[in-house]
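This report is a first guide for a reader who has not seen the structure before. Please keep the sequence and the 3D view at hand while reading.

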Amino acid sequence: MKKKAVVIVGNGFEEIELVAPVDMLCRAGSDVRILSIDDKIVVGANNISMVANGLLKDYEYDKPDCLFIPGGPWILRARYDENILGLVKEHHGHRLLLAAICAAPLILSTAGVLDDHEYTSHFSIKLEGSDETKPVVVDKNIITGRGPGAALEFAVAIVTKLYGQTTAFGVSNAMCLTLAK
């Protein structure tokens, strides 16, 4: 069954944290829509440009199976964006999958959805309650990743949660990736 994922980005996103999960979701058969809070062309933290499918301000929430936010310096300005916070709260209210990596758990924290969840995040954001010893944490409907080095493991966790271990293993195996078991 084809799943839908919405990814929110802005200038200063961490490139591998966007590309690795989007690539694996597409390989699993997902319909992925990348929405920018800035312009349709967004520039990552390492000056790699990407083209978003559209702008967040134009998006009408339609209960995607996964709402995903990559990290990077853009999170420091995005963590108080009312459009993003509202979307995160609404999505969480439907108990659908939320995924955030690196600094992006700051947005989940600001939205108040991390209460009663275990999570990880990048050490630089010093998010109270974060278990920075774990590269990826899956707790109920929330998946968090520690940082760029965990991007593939994070992506496998998302695919596993949406499609199951068999699909995650198949996608990982086809990529010569040995993270999924």
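What follows is a description of a predicted model, arranged by topic.

## Nonpolar core

In soluble globular proteins, nonpolar side chains tend to be buried together. The largest nonpolar core in this model has 64 residues. Within this core, the residues with the most contacts are F68, I69, I84, V88 and I158. The element that gives the most to the core is helix α5, residues 151-163, with 9 residues.

I84 shows how parts of the chain come together here. With neighbours up to four places away in sequence set aside, I84 is in contact with I8, I37, L56, I69, W74, A78 and I107.

## Helix α1 and the residues after it

Helix α1 runs over residues 15-28. Its 14 residues should span 20 Å at 1.5 Å a residue, and the C-alpha atoms at its ends are 20 Å apart, which agrees. An α-helix has 3.6 residues a turn, so residues three or four places apart point the same way. The buried residues of α1 are E15, E17, L18, A20, P21, V22, M24, L25 and A28.

Just after α1 comes G29, with a positive phi of about 105 degrees. S30 is in the loop that leads from α1 to strand β2, residues 31-36. Is S30 buried or exposed? S30 counts as buried, because its relative accessibility is 8%, and the cut-off for buried is under 20%. The side chain of S30 makes a polar contact of 2.7 Å with the side chain of Y163. Apart from residues up to four places away in sequence, S30 touches K2, K3, L25 and Y163.

## Salt bridges

How many salt bridges does the model have? The count comes to 6. One of them joins the side chains of R77 and D38, with 2.5 Å from N to O. R77 lies in helix α2, residues 75-78, and D38 in the loop between β2 and β3, so this pair ties together parts that are 39 residues apart in sequence. R77 is partly exposed, with a relative accessible area of 45%. D38 is also partly exposed, with a relative accessible area of 22%.

In another salt bridge, the side chains of E118 and K134 meet at 3.8 Å, N to O. Both E118 and K134 lie in the loop between α4, residues 105-110, and β8, residues 136-139, and they are 16 residues apart. K134 is partly exposed, at 33% relative accessible area. Salt bridges that share partners join E118, D131 and K134 into one network. A further salt bridge is found between the side chains of D139 and K140, at 3.9 Å from N to O. D139 is buried, with a relative accessible area of 15%.

## Cysteines

A disulfide is a covalent bond between the sulfur atoms of two cysteines. The model holds 0 disulfides. Two of the cysteines illustrate this count.

C102 counts as buried, at 8% relative accessibility, whereas C176 counts as exposed, at 74%.

Most residues other than glycine have a negative phi, and most peptide bonds are trans. N47 has a positive phi of about 65 degrees although it is not a glycine. N47 sits in the loop between β3 and β4, the latter being residues 49-51. With 64% relative accessibility, N47 counts as exposed.

R95 is another residue other than glycine with a positive phi, near 60 degrees. Where is R95 placed? R95 is in the loop between helix α3, residues 82-93, and strand β7, residues 97-101. At 56% relative accessibility, R95 counts as exposed.

Note on methods. Residues are numbered from 1 along each chain as its sequence is written. This is a predicted model: local features need pLDDT of at least 70, side-chain atom pairs count only at pLDDT 80 or more; totals for chains, interfaces and linings use all residues. Side-chain values use heavy atoms; hydrogens and water are left out. A disulfide is a pair of cysteine sulfur atoms within 2.5 Å. Buried means under 20% relative accessible area, exposed over 50%, partly exposed in between (1.4 Å probe, protein chains only). Helices (H or I, at least four residues) and strands (E, at least two) are DSSP runs, numbered from the N terminus. A polar contact is a pair of N or O atoms within 3.5 Å; within protein, one must be able to donate a hydrogen and the other to accept it, and residues adjacent in sequence count only if both atoms are side-chain atoms. Contact means heavy atoms within 4.5 Å. The expected span of a helix is 1.5 Å times one less than its number of residues. A salt bridge is a side-chain nitrogen of Lys or Arg within 4 Å of a carboxyl oxygen of Asp or Glu. A nonpolar core is a set of buried Ala, Val, Leu, Ile, Met, Phe, Trp, Tyr and Cys residues joined through side-chain atoms within 4.5 Å.
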